[in-house]
Amino acid sequence: MIDGGFPLATEPNVLKDIVRPANILKTITDVVMGANSSVSSTLPSCQLSNVRWRRSHVKYTNNEVYFDLIEQVNAIVDSSGNTVFKEVDGSIECFSKLSGVPDLTLAFSNNRLIDDASLHPCIRLLRWERERVLSFIPPDGRFCLFRYHVNCVSPLTLPVIVRHSISLREQGSRLDLVVIPKTLGRTMESVRLTMHMPSSVVNVNATPSTGRVMFDTTTKLFEWNIGRIDSKHANPTLKGSVTLSPGVSATPGNPSIMVHFSVPQYAVSGLKIARVDIYAEKYKPFKGVKYLTSSGKFEVRT
């Protein structure tokens, strides 16, 4: 919402009160009453309060609040297997269905791991700076509560290791890959390895122990779609050969491997939500916490 060219209301809860979503009952009412606009002529009461991000008179039969701690791993691993760069970008996504005006407190077990943080306006900044605790009155519905960053100085074990042996030559070409999960026994999902081959590569013949492979002769993209990796089974392997264009004895360099994956119920940084408490309301809501680690830009140089 713009007032005189300046943003006046940007909170989703406020905008939903100003611009009502379309439905059949409202359409019939507008036709009967002759209304031609779905925009309210008055500001919601919460816009003029200190808790402008929360709708007024919120009421639910079942009160519940869910927190999803999501982390993305960005890393660069050199051809010798040494980690050149690693970092974690994380966020806490919240889904709140709480009646009244509840006051929540969320505490971490390893808050020293957080290097930089971005807070939702509902979080009390002074208490976060003093106690490293998130104290807030939540908006209604879905919203991003907290974003944070963990740099490579912190102890961090990468959730996957890729061992490789790649030789792109006219004679004796070789493509060997082994994927080793390091997720403390948790299952990896949506595992996929991609490589942009040099333009001189004509074809790739590879046989994986699990999953399927694909090579696009137009874009020169080689993909190994593994899918799910269970730590109880053998590590996925791939062996194959590469065919080069006639007259090309070798490529100037080997392609990098981009690794894609996700690990449910796992936080690679070690950050944990220790407890969630609710105040200012008498009911006891259902509280749920989930974790997810996924790949950001995860590059293995060969």
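Which residues lie nearest the centre of the largest pocket? Hi everyone, that is where I'd like to start today.

Some housekeeping first. This is a predicted model, with residues numbered from 1 along each chain as its sequence is written, and local features need pLDDT of at least 70, while side-chain atom pairs count only at pLDDT 80 or more. Totals for chains, interfaces and linings use all residues, and side-chain values use heavy atoms, with hydrogens and water left out.

Now, the pocket. Rolling a probe the size of a water molecule over the atoms shows where empty space is left. Here a pocket is an open set of points on a 1 Å grid over the protein atoms alone, where a 1.4 Å probe fits, with protein on both sides within 12 Å along at least five of seven lines. The largest one has a volume of about 180 Å³, a volume being the space filled by probe spheres set on the points, which are joined across faces, edges and corners. To come back to my question, V77, G81, V160, I161 and V162 lie nearest the centre, out of 16 lining residues; a lining residue has an atom within 4 Å of a point.

Strands β9 (160–167) and β18 (286–300) each supply at least two lining residues, and the largest share, five residues, comes from β9. Strands here are DSSP runs of E with at least two residues, and helices are runs of H or I with at least four, numbered from the N terminus. The pocket lies between domain 2 (64–156 + 266–300) and domain 3 (160–264), because both give residues to its lining. Those bounds come from an automatic or database domain assignment.

Let's follow β9 into its sheet. The order is β9-β10-β15-β12, an open sheet with antiparallel pairing, and two strands pair if DSSP finds at least two bridges between them. β9 and β12 (201–208) stand at the edges with a single partner strand each, so one side of each has no neighbour in the sheet. The twist averages 15° from one strand to the next, using lines fitted to C-alpha atoms and angles from 0 to 180 degrees between N-to-C directions. Eight bridges link β9 with β10 (174–181), and V160, one of our pocket residues, stands opposite P181.

Next, β8 (141–150). Nine antiparallel bridges join β4 (83–97) to β8, with E93 partnered by C144. Another four, also antiparallel, join β6 (116–119) to β8, and there D116 has H149 as its bridge partner.

One last stop: aromatics. The structure holds seven aromatic pairs, meaning Phe, Tyr or Trp rings (the six-membered ring for Trp) with centres within 6.5 Å. W128 sits in helix α3 (125–131) and F146 in β8, so the pair ties together parts 18 residues apart in sequence.

Thanks, everyone!

Methods. Rings of Phe, Tyr and Trp (its six-membered ring) pair if their centres lie within 6.5 Å; planes under 30 degrees apart count as stacked, over 60 as edge-to-face and the rest as tilted.
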